[in-house]
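Colleague: Could you take me through one part of this model slowly, and then show me how the rest of the chain is laid out around it? I'm new to this, so please spell out the terms.

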Amino acid sequence: MTVTTPLIGAPIDRIDGADKVRGRAQYAYEHPVERPLYLFPLQARIALGRVTTLDASAALREQGVVAVLTHENALRLADVSDAELAILQSPDVAFRGQFIGAVVAEEPETARRAAGLVRVEYQEHPHDVDLHPARPDLVTPGEVNGGFATDTTEGDVDGALASAAVTLDATYTTPLEHNNPLEPHATIARWENGELTLHDSTQGVHWVRDAISGLFGMDPERIHVVCPHVGGGFGSKGLPHAHVVLTAMAARLVSPRPVKLALTRQQMFDVVGYRTGTIQHIRLGCDSRGHLTAISHDVVEQTSRIKEFAEQTAVPTRTMYAAPNRRTTHRLARLDVPVPTWMRAPGECPGMFGLEVAMDEMAIACGLDPVEFRARNEPDTDPATGRPFSSRHLVDCLREGARRFGWYDRAPAPRSNRDGRWLVGTGVAASTYPVFSMPGSRATIQARPDGRYRVLIGAADIGTGAWTALTQIAADALGVAMDDVSLSIGDTDLPYASGAGGSTGITCWGSAIVDAARGLREVLPAGEPVPEEGVEVTGRLPKNPHAGRLAMHSFGAQFAEVHVHADTGEIRVPRLFGLFALGRMINAKTGRSQLIGGMTMGLSMALHEHSVVDRRFGHVVTRDLAEYHVASNADVGRLDADWIEEDDPYVNPLGSKGIGELGIVGTAAAIANAAYHATGVRVRDLPITLDKFL
Ligand code: MOS
């Protein structure tokens, strides 16, 4: 069949959309299993210490309770080096909410009630959960997330600041934030004949298999992980967390019966990671013509005492703007808290809040328009590496975005525009995200004599539209209609795929599919009939020959209109517009949804999200969606995203840069900058709540 319209870039509806709307798409917890048992976790009620007594006798007397898992009867793990995952190996407690056991019962309600009957006594040690920059015990991480160096320095920042015509010295803070995907983290585990099957809500089935095989000392071939659909993850389902281990351990106790666990919303605030709070000290120096002479970004953030995770907060600052004198640092407070993890654009998102508010402040201090100030400091090559950019269209996004937003209509002075009792302002911020690549993805294409093709890859669709975009990529590469391609993803029986992380899914899996299609055309040129027995070819993500030579990043510009009530300080965001340079767009519909979804999450970060820790007990008190606010429809006004034509032949065979995370970066800064323009009050501490204007 010949295809007349180009598939790549077309706004194709989700091929899984109808199944999802009708409730036919099966999520992890919904997978039908025979005679399931249900698990309810036991969680530590202290932040540091050890369990001295764990008396399960009353729970075990309850009708329907099958087993109580504790550190005494839990499986000894083969590898305990990852202390987040190596649970129940001792009575020690490292943070409040850590798993200390589980009740397994015939019904979920029984398990939950019986969990309340388990009597636990502790020996408690003084704990420390306070993140602040003056701690004498801050440590330098080995590296920051993404494998980047902790510190960078070039030139003489202090000297340049001392002689600068204009300087800025300010501190920006972002709070702890928790991922709240609609679908909670859920696992079904079943052991049979020494083999483990997991139906797990995850961003990467093979990543789960690899982690569990190491922990349990098992051949990966004996672990089967299945996950066809995911209701969001945003990074919190990127790697398995302790609930997967807990469920697998419990299922071993009751083998061969399967054990089901869906975390409650409140439990998600304890055990599936979070975005660390950040304290960012930024210093900028400029000459009299508004050229940056110094950029310094020093970050303090937290990790858990049991496992290091260092968010790469200052890393984007290394690439954004030209300046001869530069410095970035990351320091960590090791606290008695859960282990932080990825949350949509980890590092780039909080770091660009600090940098882009600082850039707004500096533009104003220099008497320059914030769009023009950024354009004036555009580097020719990547300041971090000295490499040329594979493509960089930040200034085009800023200028074209400004034109389309109506930016140049504004009076630059703050408090110059009102709508009744509402103060009205506009703000801009830049966005960026690196083009990462995750190694190892392979894809198999089977051509059949009836003209149909099967595409097999252990990829994940976490709600992004990967089912659709990968089918588009395959059909385009094969030169057939999408209807002739059937895709299988989300299963470790399929060829290895990296996880949906770092905005790499479509680019890495898609490149493997394109490679397989190319291989297929070598053995079976287009137009030749497929033999009776069919043809099968496996492709892989090719090594990028430009990887060490070019700097590869997406860019964008975010514009916000903000209204702040003159009397109450209430803040509204009636308009957001983002214009992005992201290489080639694969699916204009699902891709736009990724961008506006990211921007909505950025709006949520700007106005609402805040995990408040009770330092006395060490837990997050805003631990459900009544207390931890996320943006709702009523918070979002006119929201639009678009992208410019960008041809980048260097990033990968598809020319696409990845879009899952770009949209969240810069949104909160654009909103904070607009709030300043509206009110004259500079908010440097997220979220931007009404008290900050009074
Ligand atoms: Mo993303 S935070 O890499 O899932």
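Modeller: Over residues 22–126, the chain is 12% helix and 33% strand, where helices (H or I, at least four residues) and strands (E, at least two) are DSSP runs numbered from the N terminus. The end C-alpha atoms of that stretch are 51 Å apart. An unreviewed UniProt entry annotates residues 22–126 as "domain: Aldehyde oxidase/xanthine dehydrogenase a/b hammerhead"; such annotations may be inferred rather than shown by experiment.

Before going on, keep in mind that this is a predicted model: local features need pLDDT of at least 70, side-chain atom pairs count only at pLDDT 80 or more, and totals for chains, interfaces and linings use all residues. Residues are numbered from 1 along each chain as its sequence is written.

Now the domains, whose bounds come from an automatic or database domain assignment. Domain 1 takes in 31–126 + 182–232 + 238–271, domain 2 has 152–177 + 275–436 + 549–693, and domain 3 is 438–540. The C-alpha centres of domain 1 and domain 2 lie 38 Å apart. Still, 15 residues of domain 1 are in contact with 17 residues of domain 2, contact meaning C-beta atoms, placed from the backbone, within 7 Å.

Zooming out, the chain has 15 helices and 26 strands. Of its 694 residues, 56% count as buried, that is, with 20 or more other C-beta atoms within 10 Å of their own, C-beta atoms being placed from the backbone. Its C-alpha atoms fill a box of roughly 75 × 75 × 50 Å along the principal axes.

How values were computed: A residue is buried if 20 or more other C-beta atoms lie within 10 Å of its own, exposed if 12 or fewer, and partly exposed in between; C-beta atoms are placed from the backbone. Two residues are in contact if their C-beta atoms, placed from the backbone, lie within 7 Å.
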